[in-house]
Amino acid sequence: VPITFAEAALGATINIPTLEGEEEYVIPEGTQPGTQFTLKGKGIQNLNYPSRRGDLIFTVVVEIPKGLSQKQKEHMRAFADSCGESNYAKHKQFFKKIFGQK
């Protein structure tokens with residue numbers, strides 16, 4: 001399910017298509033690309049037990065905006081500068097592994 005960068009960072013309520021229609025789901029703040037979420041009992045009917053339904057699992061894909069204006073780019077750079085390294089644990093761990101830093 002595609003979500004915007006702002007929805008992933010700030011959290012949002014989105015509509016998920018299910019077999020019966022749309023279901024609202026709350027995406028938590030700080031959701032990372034590729035995160036999987038589960039809607040219990042909203043999947044396909046169990047063949048052996050028709051009264052039971054499986055879970056619907058969906059993965060979020062964060063869409064990165066293209067064609068930013070100069071003003072938007074400036075705001076993004078200011079945002080990136082204000083975050084510092086502490087908000088990017090995976091980035092920091094990657095370079096520690098590559099360069100053997102502790």
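**Charged pairs, then the core**

Reply: Start with one pair. Asp55 forms a salt bridge with Lys40, and their closest N and O atoms are 3.7 Å apart. Keep in mind that this is a predicted model.

Me: Where in the chain do Asp55 and Lys40 lie?

Reply: Asp55 and Lys40 both sit in the loop between β4 and β5, 15 residues apart.

Me: Is Lys40 buried or exposed?

Reply: Lys40 counts as exposed, because its relative accessibility is 64% and the cut-off for exposed is over 50%. Asp55, at 38%, counts as partly exposed.

Me: What is the general idea behind such pairs?

Reply: Side chains of opposite charge can pair when their charged atoms come close. Here, the structure holds 3 salt bridges.

Me: Which residue forms a salt bridge with Glu20?

Reply: Arg53 does, with the closest N and O atoms of the two residues 2.7 Å apart. This pair links distant parts of the chain. Glu20 is in the loop between β2 and β3, while Arg53 is in the loop between β4 and β5, 33 residues away. Arg53 is partly exposed, at 34% relative accessible area.

Me: Which parts does the pair of Lys42 and Glu23 tie together?

Reply: The side chains of Lys42 and Glu23 meet in a salt bridge, at 3.5 Å from N to O. Lys42 lies in the loop between β4 and β5 and Glu23 in strand β3, so the pair ties together parts 19 residues apart in sequence. Lys42 is partly exposed, with a relative accessible area of 25%. Glu23 is partly exposed too, at 26%.

Me: Now the core. What should I expect in general?

Reply: In soluble globular proteins, nonpolar side chains tend to be buried together. In this model, the largest nonpolar core has 12 residues. Among them are Ile3, Ala8, Ile27, Val60 and Val62.

Me: Which elements give two or more residues to this core?

Reply: They are β2 (12–18), β3 (21–27) and β4 (36–39). β2 gives the most, with 3 residues.

Me: Which residues is Tyr25 in contact with, leaving aside its neighbours within four places in sequence?

Reply: Tyr25 is itself part of the core. With those neighbours left aside, Tyr25 is in contact with Ala12, Thr13, Ile14, Ile16, Phe37, Thr38, Leu39 and Phe58. Now check the core list: it includes Ala12, Ile14, Ile16, Phe37, Leu39 and Phe58.

Methods: Residues are numbered from 1 along each chain as its sequence is written. This is a predicted model: local features need pLDDT of at least 70, side-chain atom pairs count only at pLDDT 80 or more; totals for chains, interfaces and linings use all residues. Side-chain values use heavy atoms; hydrogens and water are left out. A nonpolar core is a set of buried Ala, Val, Leu, Ile, Met, Phe, Trp, Tyr and Cys residues joined through side-chain atoms within 4.5 Å. Buried means under 20% relative accessible area, exposed over 50%, partly exposed in between (1.4 Å probe, protein chains only). Helices (H or I, at least four residues) and strands (E, at least two) are DSSP runs, numbered from the N terminus. Contact means heavy atoms within 4.5 Å. A salt bridge is a side-chain nitrogen of Lys or Arg within 4 Å of a carboxyl oxygen of Asp or Glu.
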